[in-house]
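Q: I have a protein model open and want to learn to read it. Where do I start?

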Amino acid sequence: MLELRRLRLLRELSIRGTIAEVADSLSYSPSSISQQLSQLETEVGVPLLRRTGRTLKLTAQAQLLVTHTETLLEAMEHAEADLAGTMSKVAGTVRLAVFQTAMLALMPPVLRELREKYPELRVEMSQQEPADALQETSSRSFDLVVAEQYSGHSAPHYASLDRRVLTHDPIRLALPARGAKGNEDFDRVTQLEHAATLPWVVEPDGAASRHWALQACRLAGFEPDLRYETADLQAHVELVQTGNAVAMLPDLVLRSNLESLRTVDLPGAPARTIFTAMRHSSTKSPGIQAVRNMLHAQPGMSDADDSVILATPKDFDTVD
């Protein structure tokens with residue numbers, strides 16, 4: 001009889017690529033992972049791993065077992081969701097992954113309402129980059145993710161995940177409020193092209209928002225002066241407020257800082273898409289659905305406001 005725990009370790013190795021990463025993800029020691037995989041090889045009677053240089057590759061038999069493990073895990077998740085659906089109360093633990101803006105602007109009222117309505121439901125929340133969060137939700141480290149993507153920069157697609165648009169969040173050019181001493185160059189900006197000679201703050205290299213902002217500037221005819229770099233959008237706000245930089249920021253970040261900032265609309269009225277995703281096999285889970293439904297029921301979200309723009313095919317373009 002094959003043991004599902006060991007099969008899941010093999011599946012994790014197929015996803016993460018190295019025993020060290022599997023150990024880090026599951027909080028096991030690498031030696032324990034290696035021992036369990038060796039035991040699994042003994043149980044099945046065929047080699048499951050082969051070493052190529054310094055890396056381990058799964059054999060064809062191992063890949064076959066991984067496919068069956070996916071089916072088994074989905075079946076177990078369906079069973080757990082069906083069982084939870086028979087209970088009179090929504091309870092248990094939901095593991096939620098969110099990006100920074102969502103943690104700051106969306107989650108506080110949601111968590112408060114969930115605590116009031118479902119006191120026996122525990123929500124564990126972790127700030128994660130969208131691409132990582134989607135992968136981890138697909139691999140079952142999280143139950144639900146709130147993620148973002150920019151036009152032309154689709155977030156990774158996983159067939160195992162059910163994605164649903166939460167809202168479209170407009171993006172604008174953010175500048176310091178007019179009138180402060182030394183901010184004359186900022187005060188003259190009334191369209192994107194006027195910011196060509198000003199210092200910019202952007203997210204680190206590799207972030208979709210950074211690449212999108214660069215393309216917007218280049219389409220406007222200039223190469224921005226990328227003076228400051230940070231993934232913390234609150235730091236972006238501080239640098240703009242104090243007259244040190246300009247930035248392209250979404251409305252969810254701007255709305256609590258409108259008195260200290262000035263905004264300029266961008267050509268084409270761009271917006272990022274914010275969406276939720278959960279595994280298809282857990283869509284009947286009362287706890288996970290309770291969290292997701294509460295998010296979508298918030299003011300301005302897709303289920304709460306019929307005026308919100310509906311998703312278009314480009315919102316969910318797939319990527320390799």
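Q: How far apart are the C-alpha centres of domain 2 and domain 3?
A: This is a predicted model. In it, the C-alpha centres of domain 2 and domain 3 are 28 Å apart. The two domains do touch: 11 residues from domain 2 and 14 residues from domain 3 take part in the contact.

Q: Which stretches of the chain make up the domains?
A: Domain 1 covers 4-84, and domain 3 covers 170-269. Domain 2 comes in two pieces, 90-168 and 272-297.

Q: What area is buried between domain 2 and domain 3?
A: About 1100 Å². Carbon and sulfur atoms give 63% of that area.

Q: How many salt bridges and polar contacts cross the interface of domain 2 and domain 3?
A: Take the two kinds in turn. The rule finds zero salt bridges there. For polar contact, the rule finds three residue pairs.

Q: Which elements supply the domain 2 side?
A: Helix H5 (100-117) and strand E11 (271-279) each supply at least two residues of the side that touches domain 3. The largest share, five residues, comes from H5. By class, this side of domain 2 has five nonpolar, five polar and one charged residues.

Q: How do I read a helix, and which residues of H6 are buried?
A: An α-helix has 3.6 residues a turn, so residues three or four places apart point the same way. Now look at H6, residues 130-138. Its buried residues are Pro-130, Ala-133, Leu-134, Glu-136, Thr-137 and Ser-138.

Q: What do the buried residues of H6 pack against?
A: Their partners include helix H1 (4-16), helix H2 (19-26) and strand E11. Strands E3, E5 and E6 are also among them. After H6 comes Arg-140, with a positive phi near 85 degrees.

How values were computed
Residues numbered from 1 in each chain as written. Predicted model: local features only at pLDDT ≥ 70, side-chain atom pairs only at ≥ 80, totals over all residues. Heavy atoms only, no water. Domains from an automatic or database assignment. Contact = heavy atoms within 4.5 Å. Buried area = accessible area lost by both parts, 1.4 Å probe. Salt bridge = Lys/Arg side-chain N within 4 Å of Asp/Glu carboxyl O. Polar contact = N/O pair within 3.5 Å; in protein donor to acceptor, adjacent residues only side chain to side chain. Helix = DSSP H or I, 4+ residues; strand = E, 2+ residues; numbered from the N terminus. Nonpolar A, V, L, I, M, F, W, Y, C, P; charged D, E, K, R; others polar. Buried < 20%, exposed > 50% of the residue type's maximum accessible area, 1.4 Å probe, protein only.
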